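Please have the sequence and the model open while reading.

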Amino acid sequence: MSDPTSCCCSGPAGKNILLYACSGGSNVAEMADHAARQLMREGRGIMFCLAGLGADIPNMVQQAKDADVNLVIDGCPIDCGRKIFERHGLKNVQYVRVTDLGIEKKKGVPVSESEIAAVVARCKETLCSL
Amino acid sequence: MKKLQILGPGCPKCKMLAANTEVAAKALGLDYELVKITDITEIMKFGVMITPALAVDGVVKSAGKVLSPDEIKKLIQ
């Protein structure tokens, strides 16, 4: 099994980037999750636990504070991820919202590769703009 | 006794964080035990995904950074 942690010696582009995906049950949540995992596999960052921050797990909150960038992929305008980070008062955060890409939030429908690719592309744009 | 835990696979930056932590602990005159945790499974039990990390008695104080002895002093006092 590959090392699931990222040592600062070999982090993406020298930065510690943590990736969080919407954990809902809709299609846009599934896209957010797939996109975050793909970005992690491509070495763009390390996927981390949004629920852990929502639950105020101290060790996880500390890591979010210490990260160079936290990239939060929310599924829809409810913006649960954004609200979690705002509650913690963290400023080292970038946000992507799947429905902003013109994708409609639905339940029980399969997601497509092209939709996931669109989310991944938006995330890369966001990270590259830093 | 405080348990100062260095979480990391053993890269040069992990070793530097351990060394700086030892310097800080000695400068403060702490009663401490320095523990290096290199096993990934054990590291992940702390919820740590970016290393090196410094924990004090199981509580993560810093992750993904090589802190200076002065910075560490503030975290382990």
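Where in chain A does N16(A) lie? N16(A) is in the loop between β1 (6–7) and β2 (17–21) of chain A; strands (E, at least two residues) and helices (H or I, at least four) are DSSP runs numbered from the N terminus. This is a predicted model, in which local features need pLDDT of at least 70, side-chain atom pairs count only at pLDDT 80 or more, and totals for chains, interfaces and linings use all residues. Residues are numbered from 1 along each chain as its sequence is written, chains are lettered from A and ligands numbered from 1 in the order in which they are written, and side-chain values use heavy atoms, without hydrogens and water.

**N16(A)**
- N16(A) has a relative accessible area of 5% and is buried (under 20%; exposed is over 50%, partly exposed in between, with a 1.4 Å probe and protein chains only).
- A polar atom of the N16(A) side chain lies 3.0 Å from the backbone oxygen of G64(B).

**D68(A)**
- D68(A) sits in the loop between α3 (58–66) and β4 (69–74) of chain A and is partly exposed, at 40% relative accessibility.
- The side chain of D68(A) reaches the backbone nitrogen of N16(A) at 2.7 Å.
- Beyond its neighbours within four places in sequence, D68(A) contacts G14(A), K15(A), N16(A) and N92(A) (heavy atoms within 4.5 Å).
- L18(A) is 50 residues from D68(A) in sequence, yet their C-alpha atoms are 8.2 Å apart.

**Helix pair in chain B**
- In α1(B), the residues that meet α3(B) include L17(B) and L28(B); their partners in α3(B) include P69(B) and I76(B).

Definitions and conventions. A polar contact is a pair of N or O atoms within 3.5 Å; within protein, one must be able to donate a hydrogen and the other to accept it, and residues adjacent in sequence count only if both atoms are side-chain atoms.
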